[in-house]
Every structure is written in structure tokens, then in C-alpha cells.
Amino acid sequence: MRTFIDKDLYLGSQLELIKLIVKNSNDKFKTAYYAINSDCMLKYWNDIEYRGIINKKDNISYVDGMGVIYAQKILNIPVAKERIATTDLFPELMNYLNVHKNNLNIFLLGGEPDIAETVKRNFSEIYPNVNIVGTHHGYFNKDTDSKSIIDIINSLDVNILFVGFGNPLQEKWVEKHYFSLEVNSIITCGGLFDYYANKVKRAPIIFQKTGFEWLFRLFQEPRRLYKRYIYGNLNYVLKVLFMKLKS
């Protein structure tokens with residue numbers, strides 16, 4: 001195993017990734033895009049199935065967390081040009097498609113009932129040239145209802161599918177149904193839709209730039225997130241430091 005991760009992470013800028021997504025979608029070059037942050041890395045080290053998905057060579061995994069960039073620097077491995085937060089990637093991709101009047105069709109899958117539909121309404125007003133052709137909430141039975149939802153997605157000639165179930169459930173769902181989904185680009189996005197349905201407030205820029213966005217989220221939902229951010233972050237730091245000592 002390489003130091004830190006076996007997968008070659010995407011190291012380009014956000015704009016470069018957006019152009020790659022658009023090009024692959026236009027060229028119908030099917031690709032799944034997965035964000036990687038500190039919490040994802042903890043799952044990567046401990047979940048064999050998830051690790052196998054991330055390590056697949058045809059998937060693109062990009063750096064969505066300052067904790068990963070700090071680890072890259074500490075471990076003297078290739079460093080990403082910038083952090084590409086999916087919460088930033090989503091509106092910037094919409095803006096890019098809007099400005100270039102690209103006719104790619106987008107589907108939003110995930111969140112509580114009406115959340116994705118609210119995002120569609122909000123973004124359709126801001127980006128009138130973007131085709132968000134459908135939405136569906138994420139609270140369905142993944143074993144019994146997936147086929148019918150995939151049939152809906154396939155019927156709409158979707159080019160870019162956003163899947164927000166939370167990590168690693170979303171990645172495992174995409175992997176399981178990858179060949180049934182007749183789409184060009186699949187981007188997993190966690191709780192992204194909550195931000196743009198105005199259900200959750202985004203951290204101030206200073207928190208985002210310094211890698212402390214997790215602290216702002218912890219203040220918002222301490223009971224739900226304290227294990228992930230307190231114990232999880234401590235475990236992550238210790239793991240990286242142990243890797244450094246071994247190198």
C-alpha cells in the first residue's frame with residue numbers, strides 16, 4: 001500500500017475539473033466523481049468495499065478537504081492545487097453550464113423529500129440556461145425501489161447525475177448500479193442539497209480556507225456530529241502522523 005492512499009487523486013483546480021466533467025459528459029465518456037476528505041479517508045482505511053470503489057482506476061477522486069491537503073504536504077506526496085469542496089463545485093458547474101449555454105441534462109437525487117426539488121427551483125431562477133430535468137429524494141428503499149428510480153433517470157436522457165445519500169452509502173449505491181445508470185457523469189455529493197435548499201448554513205470563508213469548516217458544522221449540530229468531528233479528526237491526525245513516522 002502506498003503512503004496515505006493507493007489511488008492517484010485528482011490534483012487539478014476546480015475550474016479544470018469542471019471542464020473535465022463537461023467534456024466527458026459531452027463526449028459521453030462515463031465517469032464517476034468522488035470527493036475525498038478526512039472523514040472519507042477514515043472510511044477508506046477501514047472499509048474494504050469502499051476502498052475498492054475509490055481505488056478503481058476509471059473513477060476520479062478529488063480533494064474535498066483541507067485535511068487531505070495538509071496530509072499531502074506532511075507526507076511529501078503530490079499536493080492538490082486547491083481544495084475542491086463539492087458545495088463550491090456544484091454552483092460553479094451550474095454557472096459554467098449557464099454561461100456557455102450547454103444543454104447537458106442534470107438530475108438531483110438525494111436529501112429529504114422536497115429538498116432536491118427546492119434546489120432545482122432556486123437554481124433554475126439563478127441559472128436559467130441550466131437543464132435540471134428531474135429530482136428525487138434519497139429516502140427510498142435502496143433494495144426495492146432503486147430500479148424504478150433508475151428507470152425515471154434513464155427516461156430523462158440525463159448527462160450529469162448528482163447523488164447525495166452520505167458517504168459511503170452513496171458511493172456503494174453508485175457502484176452497485178453503475179452499469180444500469182444510462183448517464184455520462186455521476187457526482188456523489190453528501191448533504192449538498194441541504195445547503196442550497198437553505199436548510200443548513202455554510203461556514204464563513206475563513207473557516208473553509210483554514211480547514212475548520214468542520215468546527216462550524218459541529219457548532220450547528222453537536223449531538224449528531226461530535227463523534228465524526230472530535231474522535232474522527234483525532235484519529236485522522238494520529239494516523240497521518242504515524243504514517244509520517246514510518247516514512
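1. Start with Ser38: leaving aside residues up to four places away in sequence, Ser38 touches Gly67, Val68 and Tyr236, where contact means heavy atoms within 4.5 Å. Ser38 is found in helix α2 (residues 38-46); helices (H or I, at least four residues) and strands (E, at least two) are DSSP runs, numbered from the N terminus. With a relative accessible area of 14%, Ser38 is buried. Here buried means under 20% relative accessible area, exposed over 50%, and partly exposed in between (1.4 Å probe, protein chains only).

2. A word on the model before going on. It is a predicted one, in which local features need pLDDT of at least 70 and side-chain atom pairs count only at pLDDT 80 or more, while totals for chains, interfaces and linings use all residues. Residues are numbered from 1 along each chain as its sequence is written, and side-chain values use heavy atoms, leaving out hydrogens and water.

3. Now the sheet. What is the order of the strands in the open sheet? The 6 strands run β2-β1-β6-β5-β3-β4, and the pairing is parallel. β2 (60-63) and β4 (131-136) stand at the edges with a single partner strand each, so one side of each has no neighbour in the sheet. On average, neighbouring strands of this sheet are turned by 20 degrees against each other, direction ignored; axes are lines fitted to C-alpha atoms, for helices over the stretch in contact, and angles run from 0 to 180 degrees between N-to-C directions.

4. Zooming in on one pair, strand β1 (residues 31-36) is joined to β2 by 4 bridges. Two strands pair if DSSP finds at least two bridges between them. Tyr34 has Ser61 in β2 as its bridge partner. Helix α5 (residues 86-99) lies across β1, β2, β3, β5 and β6 (185-188), and runs at about 160 degrees to β5.

5. Some backbone spots deserve a look. Most residues other than glycine have a negative phi, and most peptide bonds are trans. Phe4 is not a glycine, yet has a positive phi of about 75 degrees; Phe4 sits in the segment before α1 (14-26) and counts as buried at 1% relative accessibility. Asp114, also not a glycine, has a positive phi of about 80 degrees. Asp114 lies in the loop between β3 (105-110) and α6 (115-126), and counts as exposed at 59% relative accessibility.

6. Last, a cis bond: the peptide bond from Asn167 to Pro168 is cis, with omega near 5 degrees. Pro168 lies in the loop between β5 (160-164) and α8 (169-177).
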